[in-house]
Amino acid sequence: MIRRVDPKSLTVLVTGATSGFGEAICRRYAEEGARVIATGRRSARLAALKKELGRRCRTLVLDARDWKATRKAFGGLPKDFARIGVVVANAGLALGLEPAHQARLEDWDEMVATNISGLLYTVRAILPGMVARDEGHVVLIGSVAGDYPYPGGNVYGATKAFVKQFALNLRADLIGSNVRVTSIEPGLAETEFSLVRFKC
């Protein structure tokens, strides 16, 4: 049975909230009355988002690829923001479009660290609380690139295939609980994605 939840009762954590999908997700939840925890690496952008969204928004300057910092930040939230009902693991990026034999290993490492490790650390830090309360929703941002390969998408596509498979396995682990898992797989959208990819 699906239980309808009043957005005003929710605390929502969004990683990668300084642009694109993450920023839009924060705004949408705030419009619906939810408390929002916006995280990202760009402090000025987070400050602007906090000013826009007001007192129901809390920001954390955080690199999701750092497990110790992630665990400490989420563990130190004030009481009114600590009961996270939705986590949106959105932080991610693509770098380069070269074929595999010409790609920069540093770009591969950064995509794996952000798209896989950062997502895993976020989920691992939040999931135990959801399971203990027997409620919550884990939302992972994947990509159509995880299903449909294209030239130059080598490691980016592979990291997004991981996101989909991780979501499926999380669902298996959570059978019988009231914690839900959703993998969203967008295609082309008007964000900073390509500016980051090509270091513009």
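Reader: Taking a salt bridge as a side-chain nitrogen of Lys or Arg within 4 Å of a carboxyl oxygen of Asp or Glu, how many salt bridges does the count come to?

Author: The count by this rule is 13. This is a predicted model, in which local features need pLDDT of at least 70 and side-chain atom pairs count only at pLDDT 80 or more, while totals for chains, interfaces and linings use all residues. Residues are numbered from 1 along each chain as its sequence is written, and side-chain values use heavy atoms, with hydrogens and water left out.

Reader: Which side chain does Glu32 meet in a salt bridge?

Author: That of Arg28, at 3.6 Å from N to O. Arg28 counts as exposed because its relative accessibility is 53%, and Glu32 is partly exposed at 35%. Here buried means under 20% relative accessible area, exposed means over 50% and partly exposed is in between, with a 1.4 Å probe and protein chains only.

Reader: And Asp107, buried or exposed?

Author: Asp107 is buried, at 5% relative accessibility. Its side chain meets that of Arg104 in a salt bridge of 2.7 Å, N to O. Arg104 is partly exposed at 41%.

Reader: Which residues are linked with Arg104 in a network?

Author: Glu106, Asp107 and Lys199 are linked with Arg104 in a network of salt bridges.

Reader: Changing topic. In what order do the strands of the sheet come?

Author: The open sheet has six strands in the order β3-β2-β1-β4-β5-β6, with parallel pairing. β3 (57–61) and β6 (179–184) are at the edges with a single partner strand each, so one side of each has no neighbour in the sheet. The twist from one strand to the next averages 15°. Strands are DSSP runs of E of at least two residues and helices are runs of H or I of at least four, numbered from the N terminus; two strands pair if DSSP finds at least two bridges between them.

Reader: How many bridges join β1 to β2?

Author: Four, between residues 11–14 of β1 and residues 35–40 of β2. Val14 is opposite Ala38 in β2.

Reader: Which strands does α5 lie across?

Author: β1, β4 (86–89), β5 (136–141) and β6, and α5 runs at about 170° to β5. Axes are lines fitted to C-alpha atoms, for helices over the stretch in contact, and angles run from 0 to 180 degrees between N-to-C directions.

Reader: Where does Thr122 lie, then?

Author: In α5, which spans residues 105–133. Thr122 is buried because its relative accessibility is 0%. Leaving aside residues up to four places away in sequence, Thr122 touches Leu13, Thr15, Ala64, Thr70, Phe74, Val87 and Ala89, where contact means heavy atoms within 4.5 Å.
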